[in-house]
Amino acid sequence: MSNAKEVYSKLSQYYVEYAVPSTPDLQSGYIASKKREALFNENWKKNKVNINEIIDKYTPDVTPKVHGVKSVWKNKDYIIKADMASGYLKVYDRNLKTFLDKYGNLVPDGPDSHMKILRKEEM
């Protein structure tokens with residue numbers, strides 16, 4: 001199993017503690033993410049996932065890159081975006097041009113495409 005959770009946690013910690021306070025652009029992205037979390041977190045919690053399992057299934061052996069508030073794992077078939085401020089992720093199928101739910105079913109961008117990342121103690 002990958003160490004995606006460890007990598008994601010380190011990136012998130014750096015983002016929140018060091019990157020956000022350093023620039024207004026990152027601060028506004030963080031604020032927007034926290035507003036989304038306040039609105040949708042209860043729905044996201046209905047779809048909790050182990051980030052290690054998701055990364056291993058769709059983007060194994062990929063090192064994430066940071067884009068604003070997101071950690072992004074990308075290969076030729078999938079893009080996984082994990083929000084570092086709010087703790088959710090989405091899986092995008094690049095070939096079918098749609099999102100996947102936690103079971104791998106095709107879903108539109110919406111409540112079923114957003115999955116709450118399990119905390120370490122929940123894994």
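## Helix 3

At the start of helix 3, the backbone nitrogen of Asn 52 has a side-chain oxygen of Asn 50 within 2.8 Å. This distance, like the other values in this report, comes from a predicted model.

Helix 3 covers residues 51-58, and its buried residues include Ile 51, Asn 52, Ile 54, Ile 55 and Tyr 58. These residues lie on the same side of helix 3, because the arc they cover around the axis is only 165°. As a general rule, an α-helix has 3.6 residues a turn, so residues three or four places apart point the same way.

The loop between helix 3 and strand 2 holds Asp 61. Strand 2 is made up of residues 65-67. Asp 61 is not a glycine, yet its phi is positive, at about 65°. The relative accessible area of Asp 61 is 82%, and this residue therefore counts as exposed, the cut-off being over 50%.

Pro 64 is also placed in the loop between helix 3 and strand 2. Is Pro 64 buried or exposed? With 15% relative accessibility, Pro 64 is classed as buried, since that class takes values under 20%. Leaving out residues up to four places away in sequence, Pro 64 touches Val 7, Leu 11, Ser 71, Val 72 and Trp 73. From Pro 64 to Gly 87 there are 23 residues in sequence and 15 Å in space, taken C-alpha to C-alpha.

## The largest pocket

The largest pocket has a volume of about 360 Å³. It is lined by 17 residues, and those closest to its centre are Lys 5, Tyr 8, Gly 87, Ile 117 and Arg 119. Two elements give two or more residues to this lining: helix 1, residues 4-22, and strand 8, residues 115-117. Helix 1 gives the most, with four residues.

By type, the lining of the largest pocket has eight charged, five nonpolar and four polar residues.

## Leu 26 in helix 2

Helix 2 spans residues 24-44, and Leu 26 is part of it. The relative accessibility of Leu 26 is 23%, and this residue is therefore partly exposed. Apart from neighbours within four places in sequence, Leu 26 has contacts with Tyr 15, Ala 19, Val 20 and Gly 68. A distance of 9.4 Å separates the C-alpha atoms of Leu 26 and Val 16, which are 10 residues apart along the chain.

## Two lysines in strands

Lys 48 belongs to strand 1, which consists of residues 48-49. Its relative accessibility is 35%, and Lys 48 is classed as partly exposed. When residues up to four places away in sequence are not counted, Lys 48 touches Lys 102, Lys 116, Leu 118 and Glu 122. Lys 48 and Leu 89 are 41 residues apart along the chain, with 9.7 Å between their C-alpha atoms.

Lys 70 is in strand 3, residues 70-74. The relative accessible area of Lys 70 is 16%, and this lysine is therefore buried, the cut-off being under 20%. The side chains of Lys 70 and Tyr 88 make a polar contact of 3.0 Å. Tyr 88 is also among the residues that Lys 70 touches, residues up to four places away in sequence not counted.

Tyr 92 is located in strand 5. With a relative accessible area of 24%, Tyr 92 is partly exposed. Not counting residues up to four places away in sequence, Tyr 92 touches Asp 77, Tyr 78, Ile 79, Lys 97, Thr 98 and Phe 99. Tyr 92 and Glu 6 are 22 Å apart in space, C-alpha to C-alpha, and 86 residues apart in sequence.

Lys 97, one of the residues touched by Tyr 92, is in the loop between strand 5, residues 88-93, and strand 6, residues 98-100. Lys 97 has a positive phi of about 55°, although this residue is not a glycine. The relative accessible area of Lys 97 is 62%, and this residue is therefore exposed.

How values were computed
Residues numbered from 1 in each chain as written. Predicted model: local features only at pLDDT ≥ 70, side-chain atom pairs only at ≥ 80, totals over all residues. Heavy atoms only, no water. 1 Å grid on protein atoms, 1.4 Å probe; cavity = no way out; pocket = protein on both sides within 12 Å on 5 of 7 lines; lining within 4 Å. Points joined across faces, edges and corners; volume = space filled by probe spheres on them. Nonpolar A, V, L, I, M, F, W, Y, C, P; charged D, E, K, R; others polar. Buried < 20%, exposed > 50% of the residue type's maximum accessible area, 1.4 Å probe, protein only. Contact = heavy atoms within 4.5 Å. Arc of directions from axis to C-beta. Polar contact = N/O pair within 3.5 Å; in protein donor to acceptor, adjacent residues only side chain to side chain.
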